[in-house]
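Visitor: Hi! Could you walk me through some charged side chains here?
Guide: Happy to, let's take a look.

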Amino acid sequence: MAAGADSCFLGFDFSTQQLKVVAVDGNLEVIHQNSVQFDSELPEFRTHGGVHIHADKLTVTSPALMWVKALDVLLEKMRNTGFDFSRVKAISGSGQQHGSVFWRKGARRTLNQLDPQKHLHHQLQECFAVRDSPVWMDSSTSDQCQCLETAVGGAQRLADITGSRAYERFTGNQIAKIYHSKPKEFSETERISLISSFASSLFLGDYAAIDYSDGSGMNLMDIFEKQWSRVCLDAAAPQLAERLGDLTPSTAVLGCVSLYYTERYGFAESCNVVAFTGDNPGSLAGMRLREGDLAVSLGTSDTVFLWIRGPRPSVEGHIFCNPVDCSAHMALICVSVSECVCVCARVSVSGVYFDVMEITPPFAGVHRFNAEGQRVASFEHEMEIRALIEGQFLAKRVHAEKLGYKIIAGTRVLATGGASSNKDILQVLSDVFSAPVYTIDVTNSACLGCAYRALHGLEADAGASFTETLRNAPEPQLAVRPAPGAQEVYTPLMLRYAALEDQLLKDHQKSLHLL
């Protein structure tokens, strides 16, 4: 076991609005938490919500140097509280997915020669060819998305390779935009990092490889071969493979922390840096999903995390390499809370509530059907509520299974978010998925997951699984089990739901062709 009683493991999260850290000890107990809020604590960068929204309302960026200074401030805060960095055996972390950092030629030399007497942000201020980095909120690359899908043979073909159709926020499309709109800056770039690999580069004092899991969110990586897709690279920009560098397993130990950290903060020279990953993969680790599990956030918008073997990529949803098991994958489905075909088990009526257009499924409107499949204007109030709730969960299961998810013996549904305290809602969730529902606290889940990953990274080479490494971590709380007979009720309703959604999608596409 790599974790002694006084060992410590750090997980960092470079998120949109703040930089956070969680420390766990060898018993997996949280012993320290800290953060830096970008807007309030680094006001000189003039961000709002951690970003700059440009005049076109589509381009959204963040200053790369802000993230560097945030690390300076965070480590100083930790030191001022008396945190003992010498106990840290390994670190890992996560970054907001899809964002990219463009290192200027010569930056690697600066990283290699960091002066422990000076702050990082003073030494790295001239190291970025593009000072404001594109982030996940950016939606300015529609033209680049279309070009990429055309180059590879369509949206489904791109999903078959990279796990997702072309998305505006995905890194490959952002790189293509920079190449065309800022050719001088692109020519001055010697390395392009994701925010996660940028962060690990700061700790290594050298360029860090992009990990498989976060690399899956770029529209550039073949998620099955775990290497860059040549056709995707060629469609984005020239000489891109050299600028991206090699990929690495998400469980890999990249090396030890730079001497900068041992001399300035007292880290042990043997402190390992485990590959950083994206915030969504980090959250999967923090929720400790295992094979067959899924996690459902029940908030104003719903995100479903799935652990998958044998994935089937689709133009809806995302498939990523799994961050804690290199032989598996994970899937992500994002659905707005009111966007689903709603089916009521009690009386076989259906309603479709799509207030806004979202990722899954890609159309909007409100549609209600009776038991005979005829449109109706309204339902009774209680029926409408139940149809809405059941339909949300049926939507999640249908789209999960389209991506290759399978319910197996031992499957758990992990519920998070505000509505996870409502037992009636959880009962419907359990009935629809024919699996017990557990509730979990996901506060700082990406940070916590990366502290766990730091520990697992030291044991993964010896064959230890993530689940085995974390066997002593706190378990989620059982909330409800499926009601007797639920499977017989909801199996035919799933088929009804899928048929209704398919028909509405066809009608939507037909209406677009008529415009």
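Visitor: Is Lys77 buried or partly exposed?
Guide: Lys77 is partly exposed, at 25% relative accessibility. Here buried means under 20% relative accessible area, exposed over 50%, and partly exposed in between (1.4 Å probe, protein chains only). Keep in mind that this is a predicted model: local features need pLDDT of at least 70, side-chain atom pairs count only at pLDDT 80 or more, and totals for chains, interfaces and linings use all residues. Residues are numbered from 1 along each chain as its sequence is written, and side-chain values use heavy atoms, leaving out hydrogens and water.

Visitor: Which side chain does Lys77 meet in a salt bridge?
Guide: That would be Glu41, at 2.8 Å, N to O. A salt bridge is a side-chain nitrogen of Lys or Arg within 4 Å of a carboxyl oxygen of Asp or Glu.

Visitor: And how many salt bridges are there in the whole structure?
Guide: A search finds 19.

Visitor: New topic: what does Glu475 pair with?
Guide: Glu475 forms a salt bridge with Arg288, and the closest N and O atoms are 4.0 Å apart. Glu475 is partly exposed at 46%, while Arg288 is buried at 15%. Salt bridges with shared partners join Arg288, Asp293, Arg412 and Glu475 into one network.

Visitor: Is Arg412 buried or exposed?
Guide: Buried, with a relative accessible area of 5%.

Visitor: What does Arg412 touch, then?
Guide: Not counting residues up to four places away in sequence, its contacts (heavy atoms within 4.5 Å) include Gly292, Leu294, Pro436 and Tyr438.
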